[in-house]
Amino acid sequence: MKQRVLRLSAAISLGLAATGAMAAAHDANVTRATLDNGMRVVIVRDTLAPVVTTEMNYLAGSDEVPAGFPGTAHAVEHMMFRGSPGLSKDQLAAVAANMGGAFNADTTQGVTQYYFVAPSQDLDVALHVQSLRMRGVDMAPAAWAKERGAIEQEVSRDLSSPSFKFRTQLMAQMFAGTPYAHTPLGTRESFDKTTAPMLKKFHDTWYAPNNAILVIAGDVDPAATLAKVKAEFGGIARRTVPAKPAFDFKPVQAKTVSLPTDTPYGTVAIAYRTPGLTSKDYATSLVLSQALGSQRAALAGMRFDGTALFGGFMGQALPHAGVDYAIGIFPRGGNPQPILKRMQSILADAASKGVDPALVEAAKRKAIAALEFKKNSVDGLANAWSSALAMQGAESPDEIKQAIEAVTPAQVNALAKATFDPAHAITAILTPQSSGKPVAGKGFGGAESFASSPDKPVTLPGWAANAFAKLEVPRSALKPVSYTLPNGLKLIVQPESVSDTVEVFGNINTNQDLQAPKGEEGVADVLDGLFPFGTTDMNRLQFQQALDQISAHVSNGSSFSLAVPSAHFDEGIKLLAAGELHPALPAQAFAVVQHQTAAGVAGELQSPGTLLQLGLAKALFPAHDPDLRHPTPQSVMGLSLDKVKQYYAQAFRPDMTTIVVVGKVDPAQAKQAVEQAFGGWKASGPKPDVDYAAVPPNKVGQLHVPDSSAVQDSVTLAQTVNVTRDDPARFALNLGNQVLGGGFYASRFYHDLRDKAGLVYTVSSHFDLDKHRGTYNVSYGCDPDKVAAARAMVLRDLKQMQATPVSASDLKRAKGILLRQLPLRESSFGAIGHQLLTLSQQGKPLNAMTVAGEHYLKLTAKDVQQAYAKHIRTDAFVTAVKGPTPKG
């Protein structure tokens, strides 16, 4: 389950419609109601895709937990997945898996949220599950004993993150004496003392309909949906909800926190307490944060003048208060003090002299535009409404928009003066530490036996079985229009009308490992670092100002993008092309970026995460394979600006480029704008080869990378497979992977490693298939003494797949997951854009996902068994472990 420590949260009482009556909606697509039992409902119709998101927001979180038990709300969230009267744990897992989408939860300070993202056809199922779980949940001591093991693995995972450790200390210092002083996560010590009756009491106290807000967004009929909601939830009795805890904030005392980190770079952070989500000053605080975080502001300027690897400002808001950070990044081995002094000076200037009013106005425009961009995703739209209602105490996102519009530069300056007082700042310095070089593993107990007969197939309740009885390939809602320009550039346009915005996704098919000359490793990284320095006609500040004027965001490089209000589409495309085709690449900037890149690479090559990936690649691929190439400080410092320009000239080609446009735009208009902006781009010579060659099978191996900052091991089992992205065998392997690692709660790996044995918190598996080669990976995190047992279970499940055809129910569920995922891949502009982009660049038809669905529908259990027997080598995994030395 997700556990978002600093996500926006609150427990707010809203004045919605009178009991049982419809409220007047400002938007024809918005339906509001309050049921007789007090449950508030908002239905937002969105026809982007045949997908729906249901978010049940209970107005209780870690603020309401008993003293001494900080993780109670989080534990209840976990137990909500252990079944309810009328729906067993296994049935719940199977139901969620069959729906094919996201089924999860998150615990914050003031709200615990449970959500489904699923095909619209499964709305009835999602609502029924939410209803059953509001009515009651199974809190048997034996079930809690098992779930305690999983939640403690989650604690270990988060405590292995230095940034999480910092946030924990920050919250304790910033909010001492209030519920915010502890995070929602909880501790092993508190969970050891927690009992199942305590959890049931929390559920029965706070999970009442009159303490909940249900948000539904998607392609649904509002009137019919409201009728279903009333039928499902109307009979649940309201309950008396206790008073919310009081907040009495004491002045923050200045403090400096120093911590080690396993990241390849160091971090300097200066944090201040700021207004919360329900404060009248919240909109002002939001605008102040975005103005200081602007690419035109002084903190970002630290990156461009070489003071830091990165500089910025960001905010995290809680209901009654917030935390804002100024951030500076320094290289491993670098001195953080100059960056700290520069940041302190910048914040002092903001407090004494105020913030540039031009940056304030730009921040307001961007914050308002961001609300419009939320409409470009079904679940993003639901999140926006949940945040506004349950977390900010507003009537709608429009109310947030109006508050932002009303912010003045004078209000921003007054807040800056009141906030940025050094006497109330908490400073953190996270310094990279080397944990040690990789060492060859000594084996991880793969011979251990965990023989057990497979569990019986789960029998679904009738209402669920009927919903999932029929399998069919869903009809795609996409109707893309494709063009190929005279210079070879491919353009794909997918018109959408759910918002007044357009998003553009572009990619130039390049491969530094195959295109950069020997000794010039890192040239593409330096080039990417130069794009933000402006164009040949505009310096970086002028370029960013032009973007700010139209509330647009542009990213340039081999992968590039544009997000822009549809009214400014033509202007946005011109700016995108200017940055992509006419980058300034100034000599002074080259010197800065070269040193920053070299310093970053030096840190990467000592970080546990990078050492693990390099070790895995070396174990999987033959010596001198191009995939083993990587930048070094020496190769980066050996570059010249001319070499970077040469790489740009030969690698950035229109005939290797695809652009996808999604949003409120006519295809003919899009084609004309793209032709005008990109049509003059030319390529010379034959197309380069950018695909890695086939490789022989890898040998078995072990690798351990020490990480002194981690208390939990991160484990990856990997091997090469003789399957490519165009191999027909991929369909059977993907289907089998859904049985093993898909559907999360219902997968074999999850069931065996977490649910039955309590060895891990999460486990995942996936195939990574390229044009000529492929790999298969299984990943999990666990305590050092559980690495061997978890690995043995993974191998046992894989051998079972090879020896025995999967059951009819498992096969049907896996097919249902893959088929239901097809419309989910079309439920956001980003998902649509990246899907069409990937298919185009791989040379596949744009309806390839529908074709895949037809293949999945025809596969048999025997097909899956044979594919795994042929292509998976259970005796040839490379086992890579990052963290403490595995035990046992």
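Is lysine 375 buried, partly exposed or exposed? Lysine 375 counts as partly exposed because its relative accessibility is 31%, where buried means under 20% relative accessible area, exposed over 50%, and partly exposed in between (1.4 Å probe, protein chains only). The model is predicted: local features need pLDDT of at least 70, side-chain atom pairs count only at pLDDT 80 or more, and totals for chains, interfaces and linings use all residues. Residues are numbered from 1 along each chain as its sequence is written, and side-chain values use heavy atoms, with hydrogens and water left out.

**Salt bridges**

- The count is 31 salt bridges, each being a side-chain nitrogen of Lys or Arg within 4 Å of a carboxyl oxygen of Asp or Glu.
- Lysine 375 pairs with glutamate 372 in a salt bridge, at 3.1 Å from N to O.
- Glutamate 147 forms a salt bridge with arginine 82, and their closest N and O atoms are 3.0 Å apart.
- That pair links distant parts of the chain, 65 residues apart: glutamate 147 lies in helix H4 (residues 141-159), and arginine 82 in the loop between helix H1 (72-79) and strand E4 (83-84).
- Helices (H or I, at least four residues) and strands (E, at least two) are DSSP runs, numbered from the N terminus.
- Glutamate 147 counts as buried because its relative accessibility is 3%; arginine 82 is also buried, with a relative accessible area of 8%.
- Lysine 89 forms a salt bridge with aspartate 90, with the closest N and O atoms 2.7 Å apart.
- Lysine 89 is partly exposed at 21% relative accessibility, and aspartate 90 is partly exposed at 31%.
- A network of salt bridges links Glu152, Arg188, Asp783, Asp785 and Lys786.

**Helix H28**

- Helix H28 (residues 787-803) has 17 residues and should span 24 Å at 1.5 Å a residue; its end C-alpha atoms are 25 Å apart, which agrees.
- The expected span is 1.5 Å times one less than the number of residues in the helix.
- H28 is mostly covered, with 14 of its 17 residues buried.

**Helices H18 and H21**

- The axes of helix H18 (residues 523-530) and helix H21 (residues 587-604) come within 9 Å and cross at roughly 130°.
- Axes are lines fitted to C-alpha atoms, for helices over the stretch in contact, and angles run from 0 to 180 degrees between N-to-C directions.
- H18 and H21 are therefore oblique to each other; angles under 35 degrees count as roughly parallel, over 145 as roughly antiparallel, 65 to 115 as roughly perpendicular and the rest as oblique.
- Asp525, Val526, Gly529 and Leu530 of H18 and Ala589, Phe590, Val593 and Thr597 of H21 make the contact (heavy atoms within 4.5 Å).
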